Amino acid sequence: MTSHTAAEIASQPACWRRAAESLPRHADVLPRRGERVAVTGCGTSWFMAQAYAALREGGGHGETDAFAASEFPHGRRYDRVLAISRSGTTTEVLDLLARARAAGVPTGALTADPATPVVALADTVAVLDFADECSVVQTRFATTALALLRARLETEDALPAGVRPLARAVRDAERAVTEPLPAALDGAEQFTFLGRGWTHGLALEAGLKLREAAGAWTEAYPAMEYRHGPIAIAAPGRVTWTFGPLPDGLTEDIARAGGRLVAGSGDAAADLDPLADLVRAQRLAVAVAAARGCDPDRPRHLTRSVVLRDHGA
């Protein structure tokens, strides 16, 4: 029987296309050109915030920082705070929005549920309910939120050089949900994910997916940092998966260490868009879970939202 997680992963191309179509309805929620913006979230949402921040600033749309909601620097000035929260109930995100409102900072939120507290706390809200999920493990909501943000930058000619149009990412994702995964990855002992710029956030998210769904040993780093220590764990039976173009010489370095390299989202014409390559990593998480006898719909120690009881008492 197909898991909720697997079905939601497969639905992402349609969700991204729908997000782009919904862009005009959400213009008031999204950052304006030139604003100094902080983007925040928890877990997967934080990693999407990091990817968007790098895209926005790299494309010249405005200075952009990304923070885990619990680590937000409330003494720093921003023109807008944008929160990403699938459930709309995460304690740290709600606390942050309340403090920002009290300080007079405009706020926006991207969420999947219109009937949650984040809708009342944020000044403006984009509800992506068509991307909501049954699974605890978050996949399509997060990538759909990033697709919406990426579409906004594209319409304002503010994507960094080399980032493909979202329509191409959708087509690549349609490939990514059907093409066979590289052989024998589900039996690997360890996975390291690498990215540069906006794809570092994708690498962090890929690692989280395998930890959540399968309890796998995973790590993630900026690609140029890999040779500054992390490559020490590369060995036979261990995988290094890169998002975006490979740094020069890294292929040879991994081969010398005996590791296995997966690099399917470089800058060659046939390569996948990095966001579509994240879909492959999500599928890998489900495959590794199955190989280890884990249920990706019910990951160990996790719930859909972290709501802290008696918070602040």
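**Pockets, sheets and a salt bridge**

Tutor: The second largest pocket has a volume of about 340 Å³, a volume being the space filled by probe spheres set on grid points joined across faces, edges and corners. The model is a predicted one, in which local features need pLDDT of at least 70 and side-chain atom pairs count only at pLDDT 80 or more, while totals for chains, interfaces and linings use all residues. Residues are numbered from 1 along each chain as its sequence is written, and side-chain values use heavy atoms, without hydrogens or water.

Student: What makes a region a pocket or a cavity?

Tutor: On a 1 Å grid over the protein atoms alone, a cavity is a set of points where a 1.4 Å probe fits but cannot get out, and a pocket is an open set with protein on both sides within 12 Å along at least five of seven lines; lining residues have an atom within 4 Å of a point.

Student: Which residues lie nearest the centre of the second largest pocket, and how many line it?

Tutor: The lining comprises 20 residues, and Gly 162, Trp 198, Thr 199, Gly 244 and Pro 245 lie nearest the centre. Helix 3 (44–58) and helix 8 (198–214) each contribute at least two lining residues; helices (H or I, at least four residues) and strands (E, at least two) are DSSP runs numbered from the N terminus.

Student: What is the make-up of this lining by class?

Tutor: It has 10 nonpolar, six polar and four charged residues. Trp 198 and Pro 245 lie nearest the centre and count as nonpolar, because that class holds Ala, Val, Leu, Ile, Met, Phe, Trp, Tyr, Cys and Pro; Asp, Glu, Lys and Arg are charged, and the others, Gly among them, polar.

Student: How many cavities of 30 Å³ or more are there, and which residues line the largest?

Tutor: The count is one, and the largest cavity has a volume of about 30 Å³. Its lining consists of Thr 5, Ile 9, Val 137, Thr 139, Lys 209, Ala 213, Gln 282, Ala 285 and Val 286. Helix 10 (274–291) gives the most, with three residues. By class, five lining residues are nonpolar, three polar and one charged.

Student: Why is strand 2 called an edge strand?

Tutor: Five strands form an open sheet in the order 2-1-3-4-5, with parallel pairing. Strand 2 (64–68) and strand 5 (124–127) are its edges, each pairing on one side only. Neighbouring strands of this sheet are turned by 20° against each other on average, direction ignored.

Student: Which strands does helix 4 lie across?

Tutor: Helix 4 (residues 91–102) lies across strand 1, strand 3 and strand 4, at about 160° to strand 3. Angles run from 0 to 180 degrees between N-to-C directions, with axes fitted to C-alpha atoms, for helices over the stretch in contact; contact means heavy atoms within 4.5 Å.

Student: What is the strand order in the sheet of four strands?

Tutor: This open sheet has the order 7-6-8-9, with parallel pairing; strand 7 (218–222) and strand 9 (260–262) are its edge strands. Strand 6 (residues 190–195) and strand 7 pair over five bridges, and Thr 192 has Glu 219 in strand 7 as its bridge partner. Helix 10 packs on the sheet, touching strand 6, strand 8 and strand 9.

Student: Why is the contact of Glu 63 with Arg 36 called a salt bridge?

Tutor: The closest N and O atoms are 3.2 Å apart, and the term applies because a side-chain nitrogen of Lys or Arg must be within 4 Å of a carboxyl oxygen of Asp or Glu. Glu 63 lies in the loop between helix 3 and strand 2, and Arg 36 in the loop between helix 2 (12–22) and strand 1, 27 residues apart. The whole structure has 19 salt bridges.

Conventions. Two strands pair if DSSP finds at least two bridges between them.
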